[in-house]
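Welcome! Keep the model open as you read, and look up each residue as it comes along.

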Amino acid sequence: MGSKPWLYPAPAYRNLESFWDTDDDAPGPRCGHTLTAVAATKTQGPRLILFGGATAIESGSGGAPGIRLAGVTNCIHSYDVLTRKWTRLRPAGEPPSPRAAHAAAAVGSMVVFQGGIGPAGHSTDDLYVLDLTNDKFKWHRVVVQGQGPGPRYGHVMDLVAQRYLVTVSGNDGKRVLSDAWVLDTAQKPYVWQRLNPEGDRPSARMYATASARSDGMFLLCGGRDASGTPLADAYGLLMHRNGLWEWTLAPGVSPSPRYQHAAVFVGARLHVTGGALRGGRAVEGDAAIAGNCVLDTAAGVWLDRNGLVTSRVNKAPSDDPSLESMRRCRHAAASVGVRIYVHGGLKGDILLDDFLVAENSQFQTDVNPSALMSGSPRSNSPNLSPFSSTSTPDDRSETPTSGFLGMDKDSMEKLAEASAAEAKVANAVWQSAQAASASPEETSLSDGNSQSAETTSEGSDTEADVRLHPRAVVVAKETVGNLGGMVRQLSLDQFENESRRMIPSHNDLSNPTKKFARQRSPQGLHKKIISTLLRPRNWKPPVNRKFFLDSYEVGELCYAAEQIFMHETTVLQLKAPIKVFGDLHGQFGDLMRLFDEYGFPSTAGDITYIDYLFLGDYVDRGQHSLETITLLLALKIEYPDNVHLIRGNHEAADINALFGFRIECIERMGESDGIWAWTRFNQLFNYLPLAALIEKKIICMHGGIGRSINSVEQIEKLERPITMDAGSIVLMDLLWSDPTENDSIEGLRPNARGPGLVTFGPDRVTDFCKRNKLQLIIRAHECVMDGFERFAQGQLITLFSATNYCGTANNAGAILVVGRELVIVPKLIHPLPPPFQSPETSPERVTDETWMQELNIQRPPTPTRGRPQPELDRSSLAYI
């Protein structure tokens, strides 16, 4: 199968015309240098800083070209992105020694250099800082105490979470290395610490590329091992919130092994260019890859000029001119906004001095919409890169098309303005120019760094107002042809079905819950569940519907999750950014589609920088309630501080005994194990939190505020474990109440769901928000045609994540992404069309449809609001 059209292939590179006043200002041909993007200052626009490298080559052993160390330089050049002009800089202070194969990283308007090799051999492991904050550029040497990484070359380095300087791998002249070191720029005295990360560790390598993505994931890509064999793997290194570091293997099929390549991120897409194969041979057109490729870390796939890479035998089109331009190694790359810049390198025995540019797809996946829209710079040397994401829409009008390489005046001003804002924040991290120093040649990092780094890593505490983004992200309905699976944006005004809701049916029979002692099970059960079920792209329902866990394992899973829920508050206190999911109702396929399209909770996904909140109704109605609830519980155990679950009205034995969960447990696990597992799940449900506050401005619940809830404190006072029959009217309103049909109906009205239940008007919403100093209520509980629906002039949003509810509603499913600045972006998926096969040739489909049809006959869903109502018996479950 081909790639999805929204997975745009690697871009084409073309020559960029640039200018300089004198020959000395032009960087000239070179290789083994670094190109680093630096944010704008008050007096300068965004710049690219080129440093070091070799300006001459000579024949090595066997006739292969090699670097002539005598030609290595320490000169430094600046490229002004707005004027396209090169200038040679001559900063004050003692510069680093001449070097190549070194590493560089940008921090605001400063650049840090470390390591490399030059005429005198290995450079020291001192950190040199080039301060570009003011017009008086100056070199500083940072004082670092204790043992460090030591002299090395061919290594990688970047700043993680705007705080931690991380360096990995390289060659110390004796052996190829695999170690990882970190320096905390917020702690004095500055000390290198050798890391011992958990997880799948990369092998020893040199001439790899690596960088930190904006969310804090450090990605190591490719390289060459001790035997000279090029490597094709990629690994992400991240720091968890508890301070522990972990390696994880990146997903996808890499196009080809390579080293001495360059890579840089734009949003969630890592752009990899050029590289060498064994023996220093540059990548050729008939090799397994084209000259450039992209690792889309949001989708977990590699793409080349042809699209999705599924194996290492893809042939690049021979008539692609960008292929020829990318046949190089030992070059340098950096990015500003959506543009990727490449300079110089080595092609055979020819040193290159050309300057190339490409643009990331305007429909790219992104880590942070504000970062992309502001044109914030990211940089990388031949040895740098980042990893992991969720897609959030950017304003298409501000994104240049891939065919236009110029900037208009407004774009330039916006870029400079936004870059200056980033520089102001990031510059607080490094204030070495003004720091007190023991000697004129040495400097140290500023204490002002600490607060900035903490704010960045922990989320926003600013007084931002909650607002709904004017556009929603939608996956197109078409699943065939050129539009299949395309991600696009629609104005919220285009959602014609908004305000059309369905009322799901229910009942109130009670069933006693049993008490169980702790069960023992093999260690790592939740990891087994995650590895089995968390497959957003290729999950398939079991053919015979047999569930893969037994009751023994269900007991252990429930106990482990229960211990976490017991120690959580009834109303969770959460931080943005966070994704919010509505009702899932056992439609596990929809959950996987949402994960596939918009990111999933894993270290290979986006859990490192965004939390997940689920609003209840995990079971009933759908065919895979067991998969849905077990995966969410396993994720809660794996990421207890990042994955959050609250209770819905179907997380109760008297309800899910009737609407599918109990019978699913029995049919798929056997009668004895099934009843035991169903009972144990319901015991766990009694411990679930009941609501969540996001940044103390958005309250999330399953149902609503009903007639009785006037303050958040009323919810907080509910003690758990709590059963529905033992619960108060507050619990009933919280899990069962709905908004009135539209904004014109105020006050309290009877609810069609049944006696004793109510609907509440927009006046109740306004009063509740004002009294509790809240700006928004997000709730689930009702099927809405567009997956989300606004009420009370936008002060309440109903969210529903399962598509085609009960197999009849034909509704879309949605999630809400609450950004760091409290901008809320709806993201939608549409129902899948019937399969091409006939029912006779699709037994899986027959099983699922039979299950849904039988359940609908027994428990018919209420028709969509706004449509004609059939003359059903008023005492039927559809009207309770």
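Arg-779 is buried, with a relative accessible area of 0%. Its side chain meets that of Glu-782 in a salt bridge, 2.8 Å from N to O, and Glu-782 is likewise buried, at 0%. Through shared partners, salt bridges join Asp-738, Arg-753, Arg-779 and Glu-782 into one network. Please keep in mind that this is a predicted model.

**Salt bridges**

- The structure holds 25 salt bridges.
- One of them brings together the side chains of Asp-24 and Arg-90, at 2.4 Å from N to O. Asp-24 sits in the loop between strand E2 (19-20) and strand E3 (34-38), while Arg-90 sits in the loop between strand E8 (85-89) and strand E9 (103-107), so this pair ties together parts that are 66 residues apart in sequence.
- How open to the outside are these two partners? Asp-24 counts as partly exposed at 34% relative accessibility, and Arg-90 is exposed, with a relative accessible area of 58%.
- Glu-695 and Lys-575 also meet through their side chains in a salt bridge, with 3.8 Å from N to O. This pair links distant parts of the chain, 120 residues apart: Glu-695 belongs to the loop between strand E42 (691-694) and strand E43 (698-701), and Lys-575 to the loop between strand E38 (571-574) and strand E39 (578-581).
- Glu-695 counts as buried because its relative accessibility, 15%, is under 20%. Lys-575, at 37%, counts as partly exposed.

**A five-stranded sheet**

- Five strands make up an open sheet in the order E2-E8-E7-E4-E3, with mixed pairing.
- Which strands form the edges? They are E2 and E3, each of which pairs on one side only.
- E3 and strand E4 (residues 47-51) run antiparallel and are joined by five bridges. Across this pairing, Leu-35 stands opposite Leu-50 in E4.

**Around His-102**

- His-102 is found in the loop between E8 and E9.
- Is His-102 buried or exposed? At 1% relative accessibility, His-102 counts as buried.
- The side chain of His-102 reaches the backbone oxygen of Phe-51 at 3.4 Å.
- His-102 and Phe-113 are eleven residues apart in sequence, and their C-alpha atoms are 7.2 Å apart in space.

- Strand E25 (residues 269-273) is mostly covered, with five of its five residues buried.
- In a regular strand, side chains alternate between the two faces of the sheet. Both faces of E25 are covered: Arg-269, His-271 and Thr-273 are buried on one side, and Leu-270 and Val-272 on the other.
- Strand E24 (residues 262-266) pairs with E25 in the antiparallel sense over five bridges, and the bridge partner of Ala-262 in E25 is Thr-273.
- The hairpin of E24 and E25 has two residues between the strands, and Gly-267 takes a positive phi near 65° there.
- E25 is also joined to strand E26 (residues 292-296) by five bridges, and these strands run antiparallel. Here Arg-269 has Asp-296 in E26 as its bridge partner.

**Nonpolar cores**

- The largest nonpolar core has 56 residues, and those with the most contacts inside it are Leu-591, Phe-595, Phe-614, Leu-631 and Phe-681. Helix H8 (residues 625-638) gives the largest share of this core, eight residues.
- Which residues does Phe-595 touch, leaving aside its neighbours within four places in sequence? Phe-595 is in contact with Leu-534, Pro-536, Phe-581, Phe-600, Pro-601, Tyr-612, Phe-614 and Leu-631.
- Another core lies apart from the largest one and has 32 residues, among them Ala-652, Ile-699, Val-730 and Val-765.

**Aromatic rings**

- The count of aromatic pairs comes to 22.
- Phe-581 and Phe-595 form an edge-to-face pair, with 5.9 Å from centre to centre and 75° between the planes. Phe-581 lies in strand E39 and Phe-595 in helix H7 (residues 588-598), so the pair ties together parts that are 14 residues apart in sequence.
- Both Phe-581 and Phe-595 are buried.
- Elsewhere, Tyr-79, Trp-86, Tyr-341 and Phe-355 form one aromatic cluster.

Conventions
Residues numbered from 1 in each chain as written. Predicted model: local features only at pLDDT ≥ 70, side-chain atom pairs only at ≥ 80, totals over all residues. Heavy atoms only, no water. Salt bridge = Lys/Arg side-chain N within 4 Å of Asp/Glu carboxyl O. Helix = DSSP H or I, 4+ residues; strand = E, 2+ residues; numbered from the N terminus. Buried < 20%, exposed > 50% of the residue type's maximum accessible area, 1.4 Å probe, protein only. Pairing = 2+ DSSP bridges. Core = buried A, V, L, I, M, F, W, Y, C linked by side-chain atoms within 4.5 Å. Contact = heavy atoms within 4.5 Å. Polar contact = N/O pair within 3.5 Å; in protein donor to acceptor, adjacent residues only side chain to side chain. Phe/Tyr/Trp six-rings, centres within 6.5 Å; stacked < 30°, edge-to-face > 60°.
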